[in-house]
Amino acid sequence: MVSRRRVHLLVVALAVELVFAVMGRWEALMRLLHGDRGPGSIVAVVRLFWLVFVLVIVGDVARAWLRTRRALHRRDQTIAAIGSTTHDWLWEADLAFTFTYHSPGVQDLLGYRPEELIGVAMVDLVAEPDRERAMGIVSAGLVTGWQDVDRLWRHRDGNRVLLRESAAAIRDESGQPIGFRGTRSRVTDAAAGEDVLATRARVQQLLDGGVVDIALQPIASLFTGRLTGAEALARFPDGRGPEVWFQEARETGMSRALDALAFHAAVAHFSALPETCYLSVNASPALLLDPPFRSWLLAGGLPLERLVIEITEHVVIVDYPALNTALAPLRERGVRLAVDDTGAGYASLSHVLQLRPDIIKIDRSLTAELSGDRARRSLVTALVLLALDIGATVTGEGVETLAELATLLDLGVDAAQGYLLARPTTDPTDWYTWPDRNWASDCSQLRQLAP
């Protein structure tokens, strides 16, 4: 790296050069000021001002370089200070997944001195049962990063150590990824590591079998009372809820594979709905950022104008511009975007503002007891107004009472979904009755009930 001393010498040399240039061309400058417009005078003065311009540019670059150097120094000092005062393992790696930095915590956790692991490939330290998917997790996290992934690592003494890790991409000034930075900490003893292996085997068995059932739940327009769409919800053979399965997949680094399996199973049910209705399917940011998945979606022959992709409030989105860029070709082909669970937490508002969805889905935590809670009504009203500003529609989720439905209608919410209308069901005979069902009479009565 160029030293500060050399930068200073360069600036001084150019300043001296400028002084000599002015002295050497002073006569030409004076002639020009006194009306001599000869070529020699003009060329000499232009060269003088060109040298001044170059000096200004070099000076500006030098100042920017010094600022960057100071910022990097402060960052390095911060990382070093944190690394020296925590038992966690702080690390950095380049795009080839080769370690470039370790805090002293790596010695506490894996028995290696930090300097021993500089230049070592990340996958080489992963314990054998986890190596196959280690690179997949890192590759998937290049844009989004990853959080709270449990993985087995190889200790220097040959034992396996279960560590919980989170990481994010390091980016340059243009936003391009140039590496990774993250932290790892001990989870528990080896017995917990065996539990992780058992969980991974269970998820892998599900992925190998490719068996995910799909339940549909209707979404009805509050203004026409007719079916407008349905949400596809994953159901699993052992009866455990989807939140359990997807949490286990995240903990074992297989969430993207399970997301893809559930998505493929869901879009196979377009034919169960009329052509005037959409199918709403959940997808994680990691899946949407996967180029092969997007290519399949664009070339798969699906009715994309009837597809709504839901992104939940509960997922972390590290890089909104990258996700918006990935979604752009899909949205151009007619795919609509919904933000699910809006109002359940702070992240949902960030999702709405950054992603500008076509549909805002209000979480059950807001629709519950909506009719008797002024604060909830104010929040829903704010979301309706926000939807108007960005050209989106609003769907109320988790509707269970007529009072909740009446209040949603009064507040200008466009559609509703919940147990009051119908529970999610895997029975196609139920699905086929929805297009003929008319909630219009209910809505007409509710308009009379609405305050």
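What percentage of the 451 residues in the chain is buried? Buried residues make up 44% of the chain, where buried denotes a relative accessible area under 20%, exposed one over 50%, and partly exposed the range in between (1.4 Å probe, protein chains only). The model is predicted, so local features need pLDDT of at least 70 and side-chain atom pairs count only at pLDDT 80 or more, whereas totals for chains, interfaces and linings use all residues. Residues are numbered from 1 along each chain as its sequence is written, and side-chain values use heavy atoms, with hydrogens and water left out.

**Figure 1**
The chain contains 17 helices and 13 strands; helices (H or I, at least four residues) and strands (E, at least two) are DSSP runs, numbered from the N terminus. Strands E6-E7-E8-E9-E10-E11-E12-E13 form a closed barrel of 8 strands with mixed pairing; two strands pair if DSSP finds at least two bridges between them. Strands of a sheet pair through backbone hydrogen bonds, either parallel or antiparallel. Of the contacts between residues at least 6 apart in sequence, 61% join residues at least 24 apart, a contact being heavy atoms within 4.5 Å. The accessible surface of the chain is about 22600 Å², and 56% of this belongs to carbon and sulfur atoms; the areas come from the Shrake-Rupley method with a 1.4 Å probe, and for residues only the protein chains shown count as cover.

**Figure 2**
Strand E8 (residues 278–282) and strand E9 (residues 307–311) run parallel and are joined by 4 bridges. Leu 279 stands opposite Leu 307 of E9, and Asn 282 has Glu 310 as its bridge partner in E9. E9 also pairs in the parallel sense with strand E10 (residues 336–342), over 4 bridges; here Glu 310 stands opposite Ala 338. In E9, 5 of its 5 residues are buried. Leu 307, Ile 309 and Ile 311 lie on one side of the strand, with Val 308 and Glu 310 on the other, and both faces are covered.

Glu 231 belongs to strand E7 (residues 227–235) and is buried, with a relative accessible area of 4%. Leaving aside residues up to four places away in sequence, Glu 231 touches several residues, among them Ser 280, Asn 282, Glu 310, Asp 340, Lys 361, Glu 397 and Gln 417. The side chain of Glu 231 makes a polar contact of 3.2 Å with that of Asn 282 and another of 2.7 Å with that of Gln 417. A polar contact is a pair of N or O atoms within 3.5 Å; within protein, one must be able to donate a hydrogen and the other to accept it, and residues adjacent in sequence count only if both atoms are side-chain atoms. Ala 215 is also touched by Glu 231; their C-alpha atoms are separated by 8.2 Å, at 16 residues apart along the chain.

**Figure 1. Ser 221 in strand E6.**
Ser 221 is located in strand E6 (residues 213–221). The residue counts as buried because its relative accessible area is 13%. A polar atom of the Ser 221 side chain lies 3.2 Å from the backbone nitrogen of Thr 224.

The whole structure holds 9 aromatic pairs; rings of Phe, Tyr and Trp (its six-membered ring) pair if their centres lie within 6.5 Å, and planes under 30 degrees apart count as stacked, over 60 as edge-to-face and the rest as tilted. The pair of Trp 89 and Trp 153 is edge-to-face because the ring planes stand at 75°, with centres 5.4 Å apart. Trp 89 lies in strand E1 (residues 89–94) and Trp 153 in strand E3 (residues 146–154), so their pairing ties together parts that are 64 residues apart in sequence. Trp 89 is buried at 0% relative accessible area, and Trp 153 is buried at 0% as well. Phe 293 and Trp 296 form a tilted pair, 5.8 Å centre to centre with 35° between the planes. These two residues are about one helical turn apart because they are separated by 3 residues in helix H10 (residues 291–299). Phe 293 is buried at 5%, whereas Trp 296 is partly exposed at 29%. One aromatic cluster comprises Trp 89, Trp 91, Phe 99 and Trp 153. Arg 184 lies over the face of Trp 89, at 4.8 Å from the ring centre; a charge sits over a ring if NZ of Lys or CZ of Arg is within 6 Å of the ring centre and within 35 degrees of the ring normal. Arg 423 lies over the face of Tyr 419, at 3.9 Å from the ring centre.
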